[in-house]
Amino acid sequence: LSESDNNFESFLSRQRELSRVSSKVSLYDMLTDQDEAKYADVEDFDDIFEEEEKNFAPVALPPRRTSQPAPAEPDIFPPIPPRRSKPQSPQPDDQLPPTPTKTPIINSSSDGTWLPEWYNCGNISRQDAETELQNHGFTEGLFLVRDKGVGGINFCLSIVYCNSSRQTIFSVVHVLMDRPSINHTLKIDNQSYGECYTPEEMVEKIRSLKDRFQFRLVKPLRAP
């Protein structure tokens, strides 16, 4: 080899030695105070560095995280309801539900009195009362009750009656039921017929008298 080659080889050898010493010094810096006291009388650190390299524990890495499974997505579509079975026709042995019965309409009270709506016509005139009686048959004893004035104090009883011995000519008589105030009983021609404070009570009283009253009450205007 030439001199230049020898110089280069020497340079490389020196660099290797420096690198080796540098690594040993770095490892020496890592020794604790206890280790320095332990090896204070040792001159050659080569064996010590080899022993420390063997005892040097690598840093434990944390365990690698594993990917968690994605949560299951809820169902988008609602569950399908069970299919309804076709209704079967009833068999002869099957018991049919009872048929509801209609409640009969009661046209009169239990004691046989006439209902007020059959004859009360409210505040109508004398002429309208006669027209109503003619439109509902105009037979003897047909009657209605109408208001006389305002305030529900006085009333008038319009009755169809026969004014001929032949009983072929019918007319309407208007019987006044009056009183001084609503706290008094009704009277006819200033004659009292008992505790009659309403036209309904007066109608039932006259009805009970039958032929003892001048005019008979046979049928209310709108009786069924």
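## Sheet and helix arrangement in a predicted protein chain

Four strands form an open sheet in the order S3-S2-S1-S6, and their pairing is mixed. Strand S3 (170-177) and strand S6 (219-220) are the edge strands, each pairing on one side only. The model described here is predicted.

Within this sheet, strands S1 and S2 run antiparallel and are joined by six bridges. Strand S1 comprises residues 142-148, and strand S2 comprises residues 154-162. In this pairing, Leu144 has Ser158 in S2 as its bridge partner.

Helix H4, residues 126-135, lies across S1, S2 and S3. The direction of helix H4 is at about 160° to S1.

The elements named above have the following residue ranges.

| Element | Residues |
|---|---|
| Helix H4 | residues 126-135 |
| Strand S1 | residues 142-148 |
| Strand S2 | residues 154-162 |
| Strand S3 | residues 170-177 |
| Strand S6 | residues 219-220 |

Turning to the whole protein chain, five helices and six strands are present. Read from the N terminus, the elements follow the order α-α-α-α-β-β-β-β-β-α-β.

The remaining values concern contacts and surface. Of the contacts in the protein chain with a separation of 6 or more, 42% involve residues 24 or more positions apart. The protein chain has 224 residues, of which 23% are buried. Its accessible surface comes to about 18,200 Å², and carbon and sulfur atoms account for 52% of that area.

Conventions: Residues are numbered from 1 along each chain as its sequence is written. This is a predicted model: local features need pLDDT of at least 70, side-chain atom pairs count only at pLDDT 80 or more; totals for chains, interfaces and linings use all residues. Side-chain values use heavy atoms; hydrogens and water are left out. Two strands pair if DSSP finds at least two bridges between them. Helices (H or I, at least four residues) and strands (E, at least two) are DSSP runs, numbered from the N terminus. Contact means heavy atoms within 4.5 Å. Axes are lines fitted to C-alpha atoms, for helices over the stretch in contact, and angles run from 0 to 180 degrees between N-to-C directions. Buried means under 20% relative accessible area, exposed over 50%, partly exposed in between (1.4 Å probe, protein chains only). Accessible areas come from the Shrake-Rupley method with a 1.4 Å probe; for residues, only the protein chains shown count as cover.
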